Amino acid sequence: MLALPVLWLGVVYVGSLLALLVQSFFSIDEFTGVIQYEFTLKTYLELLRPSNLDIIIRTVTMATVVTVAAVVIAFPIAYYATRYARGKWKAFFYIAVMMPLWSSYLVKVYAWKLILAKEGIINWIFIKMHLTSVLEFLLAVPVIGGNSLSVSYIGTCLVFLYVWLPFMILPIQAALERVPSNVIEASYDLGATPRQTFFRVIFPLAMPGVIAGSIFTFSLTLGDYIIPQIVGSSRLFLGQAVYLHQGTAGNIPLAAAFSVVPIFIMGCYLWLAKRAGAFDAI
Amino acid sequence: MESAVGFENLSCHFGEIRAVGNVSFEVKKGEFFAMLGPSGSGKSTCLRLIAGFQKPTSGRIKILGEDVALIPPYRRKVNIVFQDYALFPHMNVSENVAYGLLIKGVSKPDRVKAVDQALDMVRLSGYGRRKPNQLSGGQRQRVALARALVNKPEILLLDEPLGALDLKLREQMQEELKDLHRELGITFILVTHDQGEAMSMADRVAVFSEGKIAQLGTPENLYKYPQSPFIASFVGSSNVLSPEFVDFLTGRKRWASLRSEAISLVGATDESAQVTGTILSNIYLGSSYRITVDAQGQRLRVLIPAGCLLPVEGETVGLSWSGSDFHLMEDELT
């Protein structure tokens with residue numbers, strides 16, 4: 001009975017991933033564009049070219065910022081839902097968190113493009129509040145600024161944050177739910193104020209949830225190729241690079257090597273998290 | 001004697017449900033005090049009220065003479081051992097025990113020394129680096145005890161601390177707790193539903209029933225002079241005699257209690273027999289036999305030492321006891 005699902009995992013999931021990995025060790029003949037099926041590290045060397053390295057650094061930085069911001073926003077929401085919401089409010093919370101996932105992702109991203117545009121509502125709000133100078137100051141910041149929010153990295157980051165937030169809230173909430181209330185009471189009993197209890201007991205025990213959520217937001221940002229294409233500057237992200245190399249350019253080995261990058265980064269991330277003791281509570 | 005904890009007309013409601021209703025009592029300093037009762041009788045709520053996890057609906061609580069209404073749990077001079085220990089799963093044994101000291105800002109060398117001492121006291125030296133999930137139930141229990149005691153509380157609260165342990169370990173821990181109490185000389189307040197535990201460990205026992213104290217006294221006092229049929233049946237193995245039966249014996253229509261071991265069997269026609277009855281069963285208990293007798297529709301349990309002449313089922317016997325063991329109760333409660 002179990003064999004079939006396990007086979008699915010083994011063959012379809014891991015198998016295809018291995019096939020991808022193998023592709024990255026082939027190379028492409030630069031004249032003919034034909035793939036040469038010989039083991040080589042040439043493609044990986046190509047990955048380290050400044051232009052490609054730029055893409056990697058840009059994407060990883062974006063993923064890091066999005067993940068940190070998501071933790072900062074998601075934690076209080078999840079904490080509120082766990083500690084204070086009861087009955088109907090809890091049901092409302094789940095629906096409110098999940099609802100954005102039910103509508104089309106493309107529609108939401110295009111909606112955000114309009115919201116962030118120069119003629120959009122955010123700009124309008126800043127004008128009405130006489131805070132245009134603040135927005136202009138933000139957009140004047142080199143690298144992350146731009147002509148308007150919708151063509152800046154700030155905009156890209158906001159949209160990533162919006163789209164991935166549920167993937168951060170839900171695991172954190174699940175982890176917080178599992179923190180026994182008597183452990184919190186024990187901390188109070190031993191003299192810890194609510195603040196000390198939060199930082200010494202509740203947050204460490206919710207860490208596996210934070211890690212799980214950050215795996216989602218981090219890897220989803222690393223792989224996405226639609227959001228940076230619609231909202232942001234025209235500079236490439238990892239997902240877009242993979243898309244271009246295997247589509248238009250037909251450079252499957254380089255595309256494969258590019259897609260190994262997130263796997264490698266996530267591996268390092270998990271290893272570091274484990275070493276830092278993030279999974280000790282499990 | 002000074003008071004450690006005092007309850008004055010205390011009530012605690014959860015919405016419509018009354019958990020504790022107008023309870024007043026005092027725990028003396030240095031005393032081993034037990035709150036005994038079936039589940040839902042309000043005893044655990046009383047403990048949580050002392051710790052400060054629950055707020056009273058009305059009435060006052062005093063800890064060491066001070067009204068604690070406005071004092072949050074983390075400023076109260078009590079420490080609690082939870083029913084399921086509530087150890088911090090992400091910390092090892094030493095870190096768990098050191099937690100209270102760390103919060104207080106005790107320096108590291110002093111902390112290490114105090115933790116070593118505390119672990120020594122509960123005979124867990126060398127276990128400092130283990131995680132709670134690598135310990136057995138009894139060991140976790142000891143860690144919880146050390147974690148509370150390392151703070152040198154004036155009052156130690158124990159919430160069914162032995163409930164999750166098996167019988168043998170429980171008996172061993174009972175003795176250890178009793179020894180600790182003697183050694184430290186601080187106030188212990190124990191919550192339990194196990195009457196044997198309360199009676200064997202505590203100096204005084206408050207028996208809770210439906211949010212009120214049904215009776216408060218020394219174990220001996222409770223055992224010998226139960227004030228209601230509830231106490232008599234909950235505490236120990238007394239026979240609860242129905243008002244009809246007592247009426248038949250004494251002419252007074254009241255509840256009464258009579259301890260099983262205070263009754264002796266005599267011949268049916270013997271002069272000393274207060275009443276005659278028919279043997280329903282006899283059960284071997286090792287050191288004694290428990291015999292059930294039906295006398296005038298009242299079932300009586302009689303304990304006789306093994307080795308005595310055993311009556312057979314259906315035989316008619318006389319029952320005799322001394323007047324001082326026959327205890328008439330106050331007004332009926334249940």
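**Exercise 1. The open sheet in chain B**

Task: In this predicted model, find the order of the four strands in the open sheet of chain B, and work out which strands stand at the edges.

Solution: 
- Step 1. Begin with the order, which reads β2-β1-β4-β5, and note that the pairing is antiparallel.
- Step 2. Now look at the two ends of that order. Strands β2 (17-28) and β5 (66-67) of chain B each have a single partner strand, so one side of each is left without a neighbour in the sheet. These two are therefore the edge strands.

**Exercise 2. Bridges on both sides of β1**

Task: How many bridges join β1(B) to β2(B), and how many join β1(B) to β4(B)?

Solution: 
- Step 1. Take β1(B) and β2(B): they run antiparallel and are joined by eight bridges.
- Step 2. For a facing pair here, pick B:Phe7, whose bridge partner in β2(B) is B:Phe25.
- Step 3. Turn to β1(B) and β4(B), also an antiparallel pair, where the count is five bridges.
- Step 4. Here B:Ser11 stands opposite B:Ser58 of β4(B).
- Step 5. Finish at the hairpin formed by β1(B) and β2(B). Two residues lie between the strands, and B:Gly15 takes a positive phi near 60°.

**Exercise 3. A salt bridge across the sheet**

Solution: 
- Step 1. Recall the general idea: side chains of opposite charge can pair when their charged atoms come close.
- Step 2. Check the distance. From N to O, the side chains of B:Glu8 and B:Lys62 are 3.9 Å apart, and the cut-off for a salt bridge is within 4 Å.
- Step 3. Place the residues. B:Glu8 belongs to strand β1 (residues 3-14) and B:Lys62 to strand β4 (residues 58-63), so this pair, 54 residues apart, links distant parts of the chain.

**Exercise 4. One arginine, two partners**

Task: Is B:Arg259 buried or exposed, and which residues form salt bridges with B:Arg259?

Solution: 
- Step 1. B:Arg259 has a relative accessible area of 14%, and because buried means under 20%, this residue counts as buried.
- Step 2. One partner is B:Glu261, with the closest N and O atoms 3.4 Å apart. B:Glu261 is partly exposed at 37% relative accessibility.
- Step 3. Another partner is B:Asp325, at 2.8 Å from N to O. This pair also links distant parts of the chain: B:Asp325 sits in the loop between β17 (316-320) and β18 (327-328), B:Arg259 in strand β12 (residues 256-259), and the two are 66 residues apart.
- Step 4. B:Asp325 is partly exposed, at 22%.
- Step 5. Now for a network: shared partners join B:Glu8, B:Arg60, B:Lys62 and B:Asp67 through salt bridges. Over all chains, the salt bridges number 16.

Terms used:
Residues are numbered from 1 along each chain as its sequence is written. Chains are lettered from A and ligands numbered from 1 in the order in which they are written. This is a predicted model: local features need pLDDT of at least 70, side-chain atom pairs count only at pLDDT 80 or more; totals for chains, interfaces and linings use all residues. Side-chain values use heavy atoms; hydrogens and water are left out. Buried means under 20% relative accessible area, exposed over 50%, partly exposed in between (1.4 Å probe, protein chains only). Two strands pair if DSSP finds at least two bridges between them.
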